[in-house]
Amino acid sequence: MRYLVPLLLGLALLAFWEIWVSAANVPVFILPAPSAIGTALVDNFAALMAALWITVKVTLLAFFWAVVSAVGLAIIFTRARLIEMALYPYVITLQVTPVVAIAPLILIWVGFDNASRALVIIAWIVAFFPMLTNTVQGLRSIDPQLHDLMTLSGASWRQRLVYLELPAALPAMLTGAKISGGLALIGAVVAEFVAGSGASTGLAWRIIEAGNRLEIATMFASLALLSALGIFLFYLLSFCEWLLLHRWHESFRR
Amino acid sequence: MNELALNAASLRYDNGFTALNNVTAQFDSGSFTALVGPSGCGKSSLLRLLAGLEQPFIGSVAGLAQRHIGFVFQEPTLLAWRSVADNITLPLQIEGHSPNEIATRLDEALALVGLADFADALPRQLSGGMKMRVSLARALAKRPPVLLMDEPFAALDELTRFRLDDDLRAIWQQQKCTIIFVTHSVTEAAYLAERALIMQSGEIRQEIAIDQSGRDGGFRSAPAFTAACAALSAALGHDIGGEI
């Protein structure tokens, strides 16, 4: 039922869309019928898949670096209060400054000979912050008695990290990762909009291109692929969460 | 032989609160001492001082290296993602014992607390009393000469607490370790310990030896137990202005 109901609703909406477009004679450059979008997807399959692959690469690279840098910085923050005090305002500045406004700068600095690197950096900026705050939160909310336990066992800082801090912060980190994963995709699309070029043509670039040519069906096809990618990422991360936490964490108690 | 001692020790926290004020106490090797007093009287602070988790503001602590101390917290304080066995062996793993040694000590500790059948269970599958047993086993697996316990059974129902009290007495007699047991329960202190230190406002106000006659039978109905309860109550009652 959980899967059937939304599926039926989706199919009904698609059918209504198809019928309405042909009945009301909506021009194809305003709203193409689902069948036309399907045809566009099949016709441009190779080009769209190549574009999807580029967007996937940018998204995953940005996500990967967001996770690595955020976890690293979070560990430093919880170990050294002074570093946190010094750096935190700048991290927030980076977060609140609209990335679209920084994108041209990044493009100038790193993008001329390597456009995809600029895309990854822009997407990384978007994805970084929730991962950082969630990880810091996770590391901070560890029971002080568990820290006492590690102290009494004579744990080194590395043992404390491996045996206690990382596993204890894992639920919060995975929550951050789910948000960051979605944001990395948004960041990749934004990056392509502002910094994409003929050298790296991801799905967002395809959307602009198709829009310019009034190939609205191709635009919808790209859009559908982007949504599918976002959903896939979300469920992939949810699956990772289930895999890592379902044995022991309260949130999976039935 | 004095294994543990506080010499005119004071403890002040960063916020300026003085938790302990000029406390002097000795804990003989193999003795069982209860620290009794109302909440906020400094009994947990005294324990943390002995464990080296806090440093005295003035005075000194003659203690042991932390690896020789078994500490049982108020909460079970288990790592939810580790099985019972992995929780018990965590300190041993950190201290770097050989796998054989760890396995031997694990079996020994599981047997002492009667959890041999639950080695692979996860903490969330256990009852409150069983979690506390795991916590106790984790402390015992270090084979500590000193066991510090901070109101370990306070959150449990009375029947479970009685059973754990009995088991703790048996473990103490078998292991011959020094136990310092913090509790706010007069009956628990009287039942478990050989002597009780009455604490109030960060000071030790009185030391009461508990008559051990009648230990062979049911101590809860022995006159010595009733007398100890009365003595402890009187000591506490006096300190809080005649009311209990």
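The model is predicted. Chain A comes to 10 helices and zero strands. Chain B holds an open sheet of six strands with mixed pairing. The contact between the chains takes 17 residues from chain B and 16 residues from chain A.

**Chain A overall**

- From the N terminus on, the elements of chain A run α-α-α-α-α-α-α-α-α-α.
- Along the principal axes, the C-alpha atoms of chain A fill a box of roughly 75 × 50 × 30 Å.
- Chain A has 254 residues, and buried residues make up 37% of them.
- Among contacts in chain A with a separation of 6 or more, 76% join residues 24 or more positions apart.

**Helix α6 of chain A**

- Helix α6(A) spans residues 115-140 and has 26 residues.
- From first C-alpha to last, α6(A) reaches 38 Å, close to the 38 Å expected at 1.5 Å a residue.
- The helix has a kink of about 35° at A127(A).
- That kink lies shortly before the proline P130(A).
- α6(A) is mostly covered, with 22 of its 26 residues buried.

**L161 in helix α8 of chain A**

- L161(A) is found in helix α8 of chain A, which covers residues 157-195.
- L161(A) has 18 C-beta neighbours inside 10 Å, so it counts as partly exposed; a buried residue would need 20 or more.
- Leaving aside neighbours within four places in sequence, L161(A) is in contact with I75(A) and L166(A).
- I75(A) is 86 residues from L161(A) in sequence. In space, their C-alpha atoms are 8.7 Å apart.

**The sheet of chain B**

- The strand order is β5-β6-β7-β3-β8-β9 in chain B.
- The edge strands are β5 (69-72) and β9 (203-209) of chain B, and each pairs on one side only.
- From one strand to the next, the twist averages 15°.
- Helix α4 (residues 128-140) of chain B packs on this sheet. There α4 touches β5 and β6 (146-150) of chain B.
- The direction of α4 in chain B makes about 170° with that of β5(B).

**Strand pairings in chain B**

- Strand β3 (residues 32-36) and strand β8 (residues 195-200) of chain B pair in the parallel sense, over four bridges.
- V36(B) stands opposite I198(B) in β8(B).
- β8(B) also pairs with β9(B), here in the antiparallel sense and over six bridges.
- Q200(B) has E203(B) in β9(B) as its bridge partner.
- β8(B) and β9(B) form a hairpin with two residues between them.
- In the turn, S201(B) has a positive phi of about 50°.

**The contact between the chains**

- Chain B gives 17 residues to the contact, and chain A gives 16 residues.
- On the chain B side, β5 and α2 (84-95) each supply at least two residues.
- The largest share of that side, four residues, comes from α2(B).
- By class, the side of chain B that touches chain A has 11 nonpolar, two polar and four charged residues.

How values were computed: Residues numbered from 1 in each chain as written. Chains lettered and ligands numbered in written order. Predicted model: local features only at pLDDT ≥ 70, side-chain atom pairs only at ≥ 80, totals over all residues. Buried ≥ 20, exposed ≤ 12 C-beta atoms within 10 Å, placed from the backbone. Contact = placed C-beta atoms within 7 Å. Pairing = 2+ DSSP bridges. Axes fitted to C-alpha atoms, helices over the stretch in contact; angles between N-to-C directions. Nonpolar A, V, L, I, M, F, W, Y, C, P; charged D, E, K, R; others polar. Expected span 1.5 Å × (residues − 1). Bend = angle between axes of the 7 residues up to and from the residue.
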